[in-house]
Amino acid sequence: MTPTTQQPAAWPEGVIGRYTTVGGSTVDLMHTRKGIAAVCCGCPDAEFEGEFDSTYSKGRAVRRATRAAQDWAQEHAASCRAVPRPGSE
């Protein structure tokens with residue numbers, strides 16, 4: 001018998017980063033019109049970072065918000081034991 005390699009499913013549209021939780025679910029990072037959202041697909045927890053506007057250096061604000069969302073997503077994924085919700089990828 002030959003081992004097979006399973007290809008991961010495509011990420012949902014708009015997802016720019018993904019963290020796997022302890023329970024096997026994911027925390028997805030997505031750009032929104034005004035910031036970055038980190039949403040757990042296993043439990044109701046989520047985090048929003050941002051509030052971008054034209055009066056501030058948008059590039060710097062996006063990088064800062066993305067880093068904060070990544071930090072939250074990684075910390076949440078390390079402790080969330082929720083299993084994936086049916087129908088969520």
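Visitor: What does Arg67 form with Asp71?

Guide: Arg67 and Asp71 form a salt bridge, with the closest N and O atoms 2.6 Å apart. The term stands for a side-chain nitrogen of Lys or Arg within 4 Å of a carboxyl oxygen of Asp or Glu. Please note that this is a predicted model, in which local features need pLDDT of at least 70 and side-chain atom pairs count only at pLDDT 80 or more, while totals for chains, interfaces and linings use all residues. Residues are numbered from 1 along each chain as its sequence is written, and side-chain values use heavy atoms, with hydrogens and water left out.

Visitor: Where do Arg67 and Asp71 lie?

Guide: Both lie in helix α1 (residues 58-79), 4 residues apart, which is about one turn of the helix. Helices (H or I, at least four residues) and strands (E, at least two) are DSSP runs, numbered from the N terminus.

Visitor: Are Arg67 and Asp71 buried or partly exposed?

Guide: Arg67 counts as partly exposed because its relative accessibility is 46%. Asp71 is also partly exposed, with a relative accessible area of 39%. On this scale, buried means under 20% relative accessible area, exposed over 50%, and partly exposed in between (1.4 Å probe, protein chains only).

Visitor: How many salt bridges are there in the whole structure?

Guide: A search of the whole structure gives 2. Asp28 counts as buried, because its relative accessibility is 5%.

Visitor: Why can such side chains pair at all?

Guide: Side chains of opposite charge can pair when their charged atoms come close.

Visitor: Let us turn to the fold. Which elements are there, from the N terminus on?

Guide: The order is β-β-β-β-α, with 1 helix and 4 strands in the protein. The 4 strands form an open, antiparallel sheet in the order β1-β2-β3-β4. β1 and β4 are the edge strands, each pairing on one side only. From one strand to the next, the twist averages 15°, where axes are lines fitted to C-alpha atoms, for helices over the stretch in contact, and angles run from 0 to 180 degrees between N-to-C directions.

Visitor: How many bridges join β3 to β4?

Guide: There are 5 bridges between these antiparallel strands; two strands pair if DSSP finds at least two bridges between them. A hairpin of 5 residues connects β3 to β4, and Ala37 stands opposite Phe48 in β4. β2 and β3 likewise pair in the antiparallel sense, over 5 bridges. Val27 has Cys40 in β3 as its bridge partner.

Visitor: And Glu49, what is it in contact with?

Guide: Glu49 is placed in strand β4 (residues 46-50). Apart from neighbours within four places in sequence, Glu49 is in contact (heavy atoms within 4.5 Å) with Gly35, Ile36, Ala65, Ala68 and Ala69.

Visitor: How many disulfides does the structure hold?

Guide: It holds 0, a disulfide being a pair of cysteine sulfur atoms within 2.5 Å. For Cys43, the nearest cysteine sulfur is that of Cys40, 3.7 Å away. For Cys80, the nearest is again that of Cys40, at 3.9 Å. Cys43 counts as buried at 13% relative accessibility, as does Cys80 at 7%.

Visitor: And what share of the protein counts as buried?

Guide: Of its 89 residues, 31% count as buried.
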